Amino acid sequence: MNRRTPAALLTGALLLAGCGAQVEGGATAARTVTVKRCGEDVRYTTPRRAVVYEGGSADKLFALGLTRHVHGYVMPPANPPVTESPWAAEYAKVKFLSDDLLNRELVVDAKADFVVAGWRSGFSDQRGITPAILDGLKIQSFMHTESCFNYPGHPERVPPFEALYTDLERLGKIFGVEARARDLVAGYRKRVEAVQAQAPKGEPTPVFLYDSGTDKPFTAGSQVPPTDIIRFAGGHNVFGDLDARWGEVTWEAVVEARPEVIVILDYGDKPAAEKIKFLKEFPTTSKLPAVVNDRFYVLDYNEGISGPRNIDGLEGFAKYLRELRT
């Protein structure tokens, strides 16, 4: 622990070079704090060489001004190009490590001291990279709270947007930038409240999110950000009672729900245009109200997974719904 003189403490917080974050109390040496990882209390030492998986993980650290603590990122093909990110300049400052799935060898080779990913969205029993395994290797890890509801042994159930705020606050504590995290969360909450205040009155619009699948559609359940995006904007996710993050349903259930709007999740490797074409040509869906009226809204992949761009996704979809009602 770095011990500072009273005079040094009076100088205020030290600005971290190149990232705009302030370490509260001005300390630059590592400190140790206890923070929850899903439902488990974990001791963290300030990370210096983080590896992040997918855009949501990277965006959370970049939004907190922690670029200098990030060694590199793993970005599988589903993610749109990082050059399209609001934090493109920050991505350019760190290493691109792989366009494959997260794996233990990659993390070890990178000499990582911290890994950020989701449970079953990066971390995986089957692929041999879990928080418990990394603990054994003395590599710290952090899981998105949104993914914790079915984490074995330490589940935690938090609504998706609240889970985003929780992650920012917990990461803020781990890295010693609590004030920055509080300010960021307060700003996001105000933007969400502004959207809710403008949401169309009356019965919520029935909305179906189409992720992928032809034999059976893959959609958003109750535990992922699109359900909150749809709800806060004035809609109703027709599969919002599905107790899952993402899951398969049947085309018969989609037809029965009669969605008036279809949200298309746009992947880097599964373009929205192809999905819309399928829904228009597939006999089972071609007569849905949303399809007949050409009411498709394209949601960027990184607006649909847990991360700061959820707020952008909400504002964009809310504007679309308001315009439908005018």
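User: What does the pLDDT average over the protein chain?

Analyst: The model is predicted, and the protein chain averages a pLDDT of 91, with 91% of the residues scoring at least 70.

User: And which stretch has a pLDDT below 50?

Analyst: That is residues 1-28, where the pLDDT is below 50, although this stretch still has 49 contacts in the model beyond near neighbours in sequence. Where pLDDT is low, the predicted coordinates should not be read in detail.

User: OK, what feature does UniProt place at residues 49-326?

Analyst: The UniProt record, which is an unreviewed entry, gives "domain: Fe/B12 periplasmic-binding" for residues 49-326.

User: Switching to pockets, what volume does the largest pocket have?

Analyst: The largest pocket has a volume of about 500 Å³. It is lined by 28 residues, of which Glu54, Ser121, Trp246, Tyr301 and Ile305 are the closest to its centre.

User: Which elements give two or more residues to that lining?

Analyst: Those elements are α2 (54-63), β8 (114-119) and β9 (122-123), and α2 provides the largest share, three residues.

User: How do the lining residues divide into nonpolar, polar and charged?

Analyst: The lining of the largest pocket has 12 nonpolar residues, together with eight polar and eight charged ones.

User: Last topic: how many aromatic pairs does the structure hold?

Analyst: The structure holds 19 aromatic pairs, and one of them joins tryptophan 119 and tyrosine 151 in an edge-to-face arrangement, 5.0 Å centre to centre with 75 degrees between the planes.

User: Which parts does that pair tie together?

Analyst: Tryptophan 119 lies in strand β8, while tyrosine 151 sits in the loop between β10 (140-143) and α6 (160-175), so the pair ties together parts that are 32 residues apart in sequence.

Definitions and conventions: Residues numbered from 1 in each chain as written. Predicted model: local features only at pLDDT ≥ 70, side-chain atom pairs only at ≥ 80, totals over all residues. Heavy atoms only, no water. 1 Å grid on protein atoms, 1.4 Å probe; cavity = no way out; pocket = protein on both sides within 12 Å on 5 of 7 lines; lining within 4 Å. Points joined across faces, edges and corners; volume = space filled by probe spheres on them. Helix = DSSP H or I, 4+ residues; strand = E, 2+ residues; numbered from the N terminus. Nonpolar A, V, L, I, M, F, W, Y, C, P; charged D, E, K, R; others polar. pLDDT = per-residue confidence, 0-100. Contact = heavy atoms within 4.5 Å. UniProt positions renumbered as here; feature names shortened; annotations may be inferred. Phe/Tyr/Trp six-rings, centres within 6.5 Å; stacked < 30°, edge-to-face > 60°.
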